[in-house]
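Me: Please take a close look at one part of this model for me. I want the disulfide and the strands around it.

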Amino acid sequence: QVHLVESGGGLVQAGGSLRLSCTASGGVFTRYAMGWFRQATGKERDFVAAITRVGSTMSYADSVKGRFTISRDNAKNTVFLQMNSLKPEDTALYYCAADLYGVASPHPVNYEYWGQGTQVTVSS
């Protein structure tokens, strides 16, 4: 029922910033915790960040703590990922996902709906 569309990816220089957006439709946005995951070419999909239903709790992968910030605007059915101090190793296809359990899980298996992904490429 939930359709997710990511946007905001692109090419950015190392040390720069980028903000990703994910807009949801077809469901009640506030019922879902939202997560961001990324998958580099030839690698498994990894957890990046997650946020609970009303944004009371945020969690991050160790690799992005202090650099990335997840937030949500429930009035706009949108979750954001602000990425600062970007590194070449951040290069990946970034996906947003919706979790009906609402616990901001780092495990992909707990997310029911996924977007199509948006590419982030960080040049050195």
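Reply: Two strands count as paired if DSSP finds at least two bridges between them. This is a predicted model. Keep both points in mind for what follows.

Start with a pairing. β1 and β3 run antiparallel to each other, joined over five bridges. Take S7 as an example: S21, in β3, is its bridge partner.

Now the sheet. Four strands make up an open sheet, and their order is β1-β3-β8-β7. The pairing is antiparallel. At the edges sit β1 (3–7) and β7 (68–73). Each of these two strands pairs on one side only. From one strand to the next, the twist averages 15 degrees.

Next, the disulfide. A disulfide is a covalent bond between the sulfur atoms of two cysteines. Searching the whole structure turns up one disulfide. C22 and C96 are its two ends, with an S to S distance of 1.8 Å. The cut-off for calling such a pair is within 2.5 Å. C22 belongs to strand β3 (residues 18–25), while C96 belongs to strand β9 (residues 92–99), so the bond ties together parts that are 74 residues apart in sequence. The torsion about the S-S bond of C22 and C96 is about 45 degrees, which means the disulfide is right-handed.

Are the two cysteines buried or exposed? Buried means under 20% relative accessible area. C22 has 0% relative accessibility, so C22 is buried. C96 also has 0% relative accessibility, so C96 is buried.

Back to β3, then. This strand pairs with β1, and β3 also holds C22, the cysteine joined to C96 in β9.

Key. Residues numbered from 1 in each chain as written. Predicted model: local features only at pLDDT ≥ 70, side-chain atom pairs only at ≥ 80, totals over all residues. Heavy atoms only, no water. Buried < 20%, exposed > 50% of the residue type's maximum accessible area, 1.4 Å probe, protein only. Axes fitted to C-alpha atoms, helices over the stretch in contact; angles between N-to-C directions.
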